[in-house]
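Me: I'd like to learn how to read a structure feature by feature. Could you take me through this one?

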Amino acid sequence: LAAALGAIAAARCPAPCVCDNLRAHVLCLNGSLTAMPDTIPELTKKLDLRGNSFMVIPAGAFLATPYLTHLDLQRCKVERLEEGAFRGLGRLVYLNLASNGIALLYQESLDGLSSLQQLILKGNRIEEIQPGAFGHLGSLTVLDLRANALVYLPDMVFQGLQVLRWLRLSHNALHVLGSEAFAALPALRRLSLDHNELQVLPGEALARLHRATWLDLGHNPITYVAEEALAMASLRHLFLDHASLQDVAPNAFARSPQLCMLDLRENQLQGLPPLVGAGGLVRVSLDGNPLLCSCLLRPFHKWLARARVQAEGACAAPPALRGRSLDSLKPPEMRCNHLQPPPSSPTPPEQPSAAGSRQCPRRCVCSPDFHHGSCKNRDLREIPRDFPEDTRLLDLRRNPFRTVPPDAFPGLKDLVSLHLQRCSIRALHPGALRGLESLVYLYLTDNHLSTLAAAALEGAPQLAYLDLDHNAFTRVPAGAFRLLPNLISLHLQHNAIRELAEGDLVGARGLRWLYLAGNAIRHIAPAALAPTKMLEKLQLEGNRLLEVPTAALWGLPALSKLKLSQNPIKHMGDSVFLPVASSLQHLYLDNMGLEWISPHAFTGLGPKIRSLYLEGNKMNNIPNMSNFTGLEILNLQDVPFHCDCQLLPLHRWINKLNLRIGATCGSPAEAQGLKVKLSTTFQTCLGWARGEAGETNPNKTKAASKPSKKKRSGKSPARGFSKSRA
């Protein structure tokens, strides 16, 4: 009876899908579905739709499957969730929408998910969350919003998440948090805010998290932790690693009495004071800081011994103590002979109040607690002046300034982040940034800039992140970066740049990330990238390159990520990635219309490659990649393989990978639409049984259809994983 019922259910399984009736699972992976299948068995509990092309999830899309408990929609090119998209899924406990293109969560987008426990929205383009978006998710315990485009969290944005225990907000662009942003999270235990753009510790917002025990604020440009900055009664683990910390107040953690582990690795701390009130502290990690082990460090050193706190870190100076661990030091060794005596008279009382004498400009809002100023969208024609001198973040977006004059920001020597997006700016005059000696972030996206002189950037030597996306550049502004020795990230995406010429990047010797996607680049000069010897990430997708710019890749020993997607490269010759073979980890060659890849194209690449994207191409061969033993992602979707005996080596190799790669058969007819892994057409090939019995070297397989030694014609591959023409 069970077998009969299973057969009946199987008959209703949609053609591109695989149904496991005993476990009530349906898999429709890496297909070309553009709408939800309408014949999925009603009693299905787990539905896996990864790798399809839905674009929009319409209202009531799953009303026919009310018993779903798990739904996976990763990599489905979803851009919009209509209100009521998941209505009727009252039993769903797990929803994965990672790696899509969702930009906005509407108020009713997640309506109907009253039992949902885990919601994964990682890797979308979410810039805004409307109030009430999570209001119906009363059972949610994990919310993953990593790797989106969030800049601001308004008050009560997470209202309704009464039992949420872990909120993941890493790898966004957050720099402002409303004071009540976390007020509606009474059960939260763990908060991940690492890899954002927070310039100050958001103490007021965090104080609402009375039960949180774990807080990660690493990789944020926080420079200072102020007095009693963190009031979290239950906090035990705090991560402030890889920030920009230069100082920590003695009583910074006095209102977090349960704190036992403090991670301050890779900052700019020369020392710490005794941490008053942190009576529960067990371990402090200071590795990677330029610790000055002079007499100034003695009070902290004595406090470590008295409080029995374990400290990890080593001296950077003086030279006699360089490399010595903190726990090996003796107080007499920590001398101050080389230091100047302290001033004999105190600082005049009028000096500290000078910064406070400046008021906020009219029509602007200034937050003294966060050192932020904002005049966003005020229809201002000129850049306001007289912001408080301790301002660290200045938001001037959406004002029609048109130009930035010389000395536009007087007295703002502490400014770290400057936002000038969508200001109709056509020119930055020489000296425009003069005096911004602490500036790290400069955002000039969505303006009308076509040129940029080095003199315009003079006076901002600490500038590390420069965003010039969506402007009018027709070439990279040559020499503009020679006064920016600390430039790490340069965005020039979606301009009209036609080539990358020698000398364009002179002075950008510390550049690590270069974004040039969405331009019209046809040519890259062999020496164009020579100044950027520390480059780690190069994004060239969506340009007009006709070949891999191999000559330009020499001299880039740290390059780990290369994106060439959506360039009209039809042929790929020998050793095209050899210059970066020792460092490359992530290679994007998707959606290029590739027709032929040389069997030797990947010469030099091997175990270091972690991800390779080849989907959406038309090539007649796949080079031998049997030495790519470190692969975590391989995408061969939308490559219509001809599943005959000539493809047997590829079939065997991908079966050993234990990865979902999306390779499907385009022909012959009996295999069309089947996964290369699952196709039975290979069972008729000579050597099939021997291979299945344990042959491990795919190059030794001899398929029945292998051509004789007569002369080959055209560019058919001599070696590697190949597919014959359909």
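Me: What is the phi of A24?

Reply: The phi of A24 is near 60 degrees, a positive value in a residue other than glycine.

Me: And does A24 count as buried or exposed?

Reply: The cut-off for buried is under 20% relative accessible area. A24 counts as buried because its relative accessibility is 16%.

Me: Where is E266 found, and what is its phi?

Reply: E266 is in the loop between strand 20 (261-263) and strand 21 (283-285). Its phi is positive too, about 55 degrees, although E266 is not a glycine. With 39% relative accessibility, E266 counts as partly exposed.

Me: Let's turn to peptide bonds. Which residues does a cis peptide bond join?

Reply: P318 belongs to the loop between strand 24 (315-317) and strand 25 (365-367). Another joins S667 and P668, again with omega about -5 degrees. For P668, the loop is the one between strand 46 (664-667) and helix 5 (688-692).

Me: Stepping back, how many helices and strands does the protein chain have?

Reply: The secondary structure comes to five helices and 47 strands. Of the 726 residues in the chain, 51% are buried. As for contacts with a separation of 6 or more, 53% of them are between residues 24 or more positions apart.

Me: Can we look at a single case of residues that are apart in sequence? How far apart in space are Q246 and Q268?

Reply: Q246 and Q268 are 22 residues apart in sequence, and their C-alpha atoms are 5.0 Å apart. Q246 lies in the loop between strand 18 (237-239) and strand 19 (247-248). Not counting residues up to four places away in sequence, Q246 touches T223, Q268 and L269.

Me: How should I think about a nonpolar core?

Reply: The general idea is that in soluble globular proteins, nonpolar side chains tend to be buried together. Here, the largest nonpolar core has 107 residues, and F409, L418, L420, M572 and F577 touch the most other members. Helix 4 (residues 648-657) gives the most to this core, with five residues. Apart from it lies another core, of 102 residues, including L49, L97, L145 and M334.

Me: Which residues is L418 in contact with?

Reply: Leaving aside neighbours within four places in sequence, L418 contacts L394, L396, F409, L433, L436, L439, Y441, L442 and Y443.

Me: Back to helix 4: how many of its residues are buried?

Reply: Helix 4 is mostly covered, with eight of its 10 residues buried. These are L648, P649, L650, H651, R652, W653, I654 and L657. N658 follows helix 4, and its phi is positive, near 55 degrees.

Me: Last one: what is the mean pLDDT of the protein chain, and which stretches fall below 50?

Reply: The mean pLDDT is 86, and 89% of the residues reach 70 or more. Residues 3-11 have pLDDT below 50, and this stretch has four contacts in the model beyond near neighbours in sequence. Over residues 338-356 the pLDDT is also below 50, with six contacts beyond near neighbours in sequence. The general rule is that where pLDDT is low, the predicted coordinates should not be read in detail.

Definitions and conventions
Residues are numbered from 1 along each chain as its sequence is written. This is a predicted model: local features need pLDDT of at least 70, side-chain atom pairs count only at pLDDT 80 or more; totals for chains, interfaces and linings use all residues. Side-chain values use heavy atoms; hydrogens and water are left out. pLDDT is the predictor's confidence in each residue, from 0 to 100. Contact means heavy atoms within 4.5 Å. A nonpolar core is a set of buried Ala, Val, Leu, Ile, Met, Phe, Trp, Tyr and Cys residues joined through side-chain atoms within 4.5 Å. Buried means under 20% relative accessible area, exposed over 50%, partly exposed in between (1.4 Å probe, protein chains only). Helices (H or I, at least four residues) and strands (E, at least two) are DSSP runs, numbered from the N terminus.
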